[in-house]
Amino acid sequence: EFYMKQHQLKYEFDNDFSNKQKRGLVIKQSIKPGKKVKINDETVKVTISKGPKIKVPDFKGMSMTEVTEWAIKNKVKLEFSDKYDDSIKENNVISVNFEKGKVIEQGTVLKVVLSRGKLTMPKFKSFNEFREWAEKYEIKYEEKHEFNDDIAIGEVISFSYKKGDTIKNGDTIVVKISDGKKKEVPNLKGLTKSEAISRLEKADLKYNFVYSSSNDVEKD
């Protein structure tokens, strides 16, 4: 490029795979060496080597060590991440961002997801602690609410998995949450506002009042 700029030659580059020339070196040129050309006349088309074609193997089930050795040999880059998977052995590949048989070049970044092995159900102190854990590991869960005389409102009654159970891929954990004790709503029709308040507070219920016109019921 420096030479052609220095001698005011028109040029353009393209890239191609080559088993003979190293990545970054010239494979061929459109105008043969030694030919005389006018300044800014013909365009010199120069083809640069991308190195040899690299076919992506089947990485699934390979270990992190095997993937790393392959990457070093083929001069590709790696980015690792991990997630729990009950079907793939710990530190073995779950997925890669290129399918088997795909042709890539040197310097390509392979994003490899490794298995952390099976995920087991821990013990939780609160629903918030469980929710943070489930969202962190992308575990599906479903909330169900029911009355309970012994568990305070908002607290967990039970999980559909016990401590130590394996959480399989795609499983949904059902969480039963307490709505507290059942409370019976008293009949307030015909009572005064103060009488209604007294009964509602005795029943431990929250309340608010709205006003409406009526020809049959006295004010308040």
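The largest pocket holds about 640 Å³ of space. A pocket here is an open set of points on a 1 Å grid over the protein atoms alone, where a 1.4 Å probe fits, with protein on both sides within 12 Å along at least five of seven lines. Its volume is the space filled by probe spheres set on the points, which are joined across faces, edges and corners.

This is a predicted model, so local features need pLDDT of at least 70 and side-chain atom pairs pLDDT 80 or more, while totals for chains, interfaces and linings use all residues. Residues are numbered from 1 along each chain as its sequence is written, and side-chain values use heavy atoms, without hydrogens or water.

Back to the pocket. Its lining has 20 residues (an atom within 4 Å of a point), and L191, V210, V217, E218 and D220 lie nearest the centre. The lining divides into nine nonpolar, six polar and five charged residues; Asp, Glu, Lys and Arg count as charged, Ala, Val, Leu, Ile, Met, Phe, Trp, Tyr, Cys and Pro as nonpolar, the others, Gly among them, as polar.

Next, Y84. Where does Y84 lie? Y84 is in the loop between β5 (77–83) and β6 (93–96); strands are DSSP runs of E, at least two residues, and helices runs of H or I, at least four, numbered from the N terminus. Y84 counts as partly exposed because its relative accessibility is 24%, between buried (under 20%) and exposed (over 50%), with a 1.4 Å probe and protein chains only. Y84 touches, among others, R116, Y137 and N169, contact being heavy atoms within 4.5 Å.

Note on methods:
Lists of a residue's contacts leave out its neighbours within four places in sequence.
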